[in-house]
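My notes follow as numbered points, for you to read beside the model.

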Amino acid sequence: MSRRELRARWVALLCGLAFTALPGCWEQWSESWFPQMKWQKAVQAYERVEWNGRVEGFLPPEGSVPVDPLDPTYERFDPNADTLVNPTNAADLNSLARGRVLYQSYCNTCHGPAGMGDGPVSMANKRAGPFAGVFPLVTAIGRSDGYIYNLLRVGGVRMPSYKRIPKEDRWHLVNYVRYLQKGGRP
């Protein structure tokens, strides 16, 4: 192979690499040339949105049928939540087992395995320690079962709503939270 052919092959190889590598960089040069989905406006999780002159989370569409018989606009910290009575047996091992499965699916990421507010999401801060707004479960030890049930249903300031959890399962979750509040003892 002559020197000229070798040089031509190197030039062809470098040009081929340039043509395959450079298109991946184009989007960084100009948003107007290659508009990307990542630059569009979007509502982020936990972002407060002004709607109808009020700043709040989204409500269901008008005329929709609620899954839960309670009114979807039910106040977050309504005193009537304390009157709700837990229909399940808190000491029942089946209830605790079901609550544990639900806790690991929905709560563990923020509140941590023992409910101390040290889950992977809450520890993703620059500073070590629980994320602001993710409280250990013991902070609700003086609250009623109805309050915790309602908090699971409608959410809190940083806690999302878990309306998708069926009503009975929310009570199992309340039982498991009580179990964790006692240090894992029934």
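1. Which residues form a nonpolar patch on the surface? Met-1, Leu-6, Trp-10, Leu-13, Leu-14 and Leu-17 do, and together they have about 670 Å² of accessible area. Patches here are made of residues with over 30% relative accessible area and no salt bridge, where like charges are joined within 9 Å and nonpolar side chains (Val, Leu, Ile, Met, Phe, Trp, Tyr) within 5 Å. Areas come from the Shrake-Rupley method with a 1.4 Å probe, and for residues only the protein chains shown count as cover. Leu-17 belongs to helix α1, residues 3-21. Its relative accessibility is 49%, so Leu-17 counts as partly exposed; buried means under 20% relative accessible area, exposed over 50%, and partly exposed in between (1.4 Å probe, protein chains only).

2. A word on the ground rules. The model is predicted, so local features need pLDDT of at least 70 and side-chain atom pairs count only at pLDDT 80 or more, while totals for chains, interfaces and linings use all residues. Residues are numbered from 1 along each chain as its sequence is written, and side-chain values use heavy atoms, with hydrogens and water left out.

3. Now the overall layout. The chain holds 6 helices and 2 strands, in the order α-α-β-β-α-α-α-α from the N terminus. Helices (H or I, at least four residues) and strands (E, at least two) are DSSP runs, numbered from the N terminus. Of the 186 residues, 26% are buried. The accessible surface of the chain is about 13,600 Å², and carbon and sulfur atoms supply 59% of that. Among contacts (heavy atoms within 4.5 Å) with a separation of 6 or more, 52% join residues 24 or more positions apart.

4. The pairing of α3 and α6 deserves a careful look. Helix α3 (residues 93-106) packs with helix α6 (residues 167-181) at an angle of about 90 degrees, and their axes are 7 Å apart. The two are therefore roughly perpendicular. Axes are lines fitted to C-alpha atoms, for helices over the stretch in contact, and angles run from 0 to 180 degrees between N-to-C directions; under 35 degrees counts as roughly parallel, over 145 as roughly antiparallel, 65 to 115 as roughly perpendicular and the rest as oblique. On the α3 side the meeting residues are Ser-95, Leu-96, Arg-98, Gly-99, Arg-100, Leu-102 and Tyr-103, and on the α6 side Asp-169, His-172, Leu-173, Asn-175, Tyr-176, Tyr-179 and Leu-180.

5. Ser-95, in helix α3, counts as buried at 1% relative accessibility. Apart from residues up to four places away in sequence, Ser-95 touches Thr-88, Asn-89, His-172 and Asn-175. Asn-175, in helix α6, is buried as well, at 2% relative accessibility. Beyond its neighbours within four places in sequence, the contacts of Asn-175 include Asn-86, Ala-90 and Leu-96. The C-alpha atoms of Asn-175 and Leu-96 are 6.4 Å apart, although 79 residues separate the two along the chain.

6. How many salt bridges are there? The count is 2, where a salt bridge is a side-chain nitrogen of Lys or Arg within 4 Å of a carboxyl oxygen of Asp or Glu. One joins the side chains of Arg-98 and Asp-169 (2.8 Å, N to O). This pair links distant parts of the chain, with Arg-98 in helix α3 and Asp-169 in helix α6, 71 residues apart. Arg-98 is partly exposed at 35% relative accessibility, whereas Asp-169 is buried at 12%.

7. Asp-145 and Arg-178 also meet through their side chains in a salt bridge (2.8 Å, N to O). Asp-145 lies in helix α5 and Arg-178 in helix α6, so the pair ties together parts 33 residues apart in sequence. Asp-145 is partly exposed, with a relative accessible area of 23%, and Arg-178 counts as buried at 15% relative accessibility.

8. Finally, please check α5 and what follows. Since 8 of the 10 residues of α5 are buried, the helix is largely enclosed by the rest of the structure. Its buried residues, among them Tyr-147, Ile-148 and Leu-152, pack against α6. Gly-155 follows α5 and has a positive phi, near 85 degrees. In the loop between α5 (145-154) and α6 sits Tyr-162, buried with a relative accessible area of 10%. Leaving aside neighbours within four places in sequence, Tyr-162 is in contact with Tyr-106, Leu-152, Arg-153 and Arg-170.
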